[in-house]
Amino acid sequence: MATLLTSTFPADEEGAKLLKKLKIALANICGHGVSKKGIVLTAPRELKAGRDNLRSDYREIWKKCTIEFDSEETGASVLMKSYQIKIGPFFLRPSIKIVDLEEVLLHEFLHVALDISDRQFHHGIMTQILKYNLGYKEDSGIFMD
Ligand SMILES: [Zn+2]
């Protein structure tokens, strides 16, 4: 199960709003809610290993992921070896929509789930997956690494 590290988020109203939006985004992409301890059991349900060029063990990778707030993070990123998905202060903005967060979470997860080792090819494939395979609209223009 992926784990949303709720204690890493700012303990103010902005932080609480971001957490609330992230929980809804996770429920939308995984098909079930986040537990009180921040646990998200199943991997994003719309992804398909064959169609989306995923590693066969992508569901196991999801279980190792953590989602945390990092005040030093300029956008969002994922650490390839420790599977830490980092969300920065940019996403505290009220203009950030739940669907934006869904795309961010999928984007960062795909960096560690794609069965393509050369990271320079990832973004082109992600556009294919997010836009054409999953039906998300054009890139929201949010900075993601
Ligand atoms: Zn990226």
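Which residues of helix 4 are buried?

Analyst: This is a predicted model, in which local features need pLDDT of at least 70 and side-chain atom pairs count only at pLDDT 80 or more, while totals for chains, interfaces and linings use all residues. Residues are numbered from 1 along each chain as its sequence is written.

The buried residues of helix 4 are Met126, Ile129 and Leu130; a residue is called buried if 20 or more other C-beta atoms lie within 10 Å of its own, exposed if 12 or fewer, and partly exposed in between, with C-beta atoms placed from the backbone. Helices here are DSSP runs of H or I with at least four residues, and strands are runs of E with at least two, numbered from the N terminus. Seen down the axis of helix 4, the buried residues fall within an arc of 85°, so they line one face of the helix, the arc being that of the directions from the helix axis to the C-beta atoms. On the other side of helix 4, Gly124 and Tyr132 are exposed, and just after the helix Gly135 takes a positive phi of about 85°.

What covers the buried residues of helix 4 includes helix 3, and the loop between helix 3 (98–113) and helix 4 (122–133) holds Ile116. Ile116 is partly exposed, because 14 other C-beta atoms lie within 10 Å. Leaving aside neighbours within four places in sequence, Ile116 is in contact with Asn53, Phe121, His122 and Ile125, where contact requires that the C-beta atoms of two residues, placed from the backbone, lie within 7 Å.

Helix 3 also packs with helix 1 (residues 13–30), at an angle of about 65° and with the axes 8 Å apart; axes are lines fitted to C-alpha atoms, for helices over the stretch in contact, and angles run from 0 to 180 degrees between N-to-C directions. Among the residues that make this contact are Leu22, Ala25 and Ile29 of helix 1, together with Leu101, Leu105 and Leu106 of helix 3. By class, the contact of helix 1 with helix 3 has nine nonpolar, one polar and two charged residues, with Ala, Val, Leu, Ile, Met, Phe, Trp, Tyr, Cys and Pro counted as nonpolar, Asp, Glu, Lys and Arg as charged, and the others, Gly among them, as polar.
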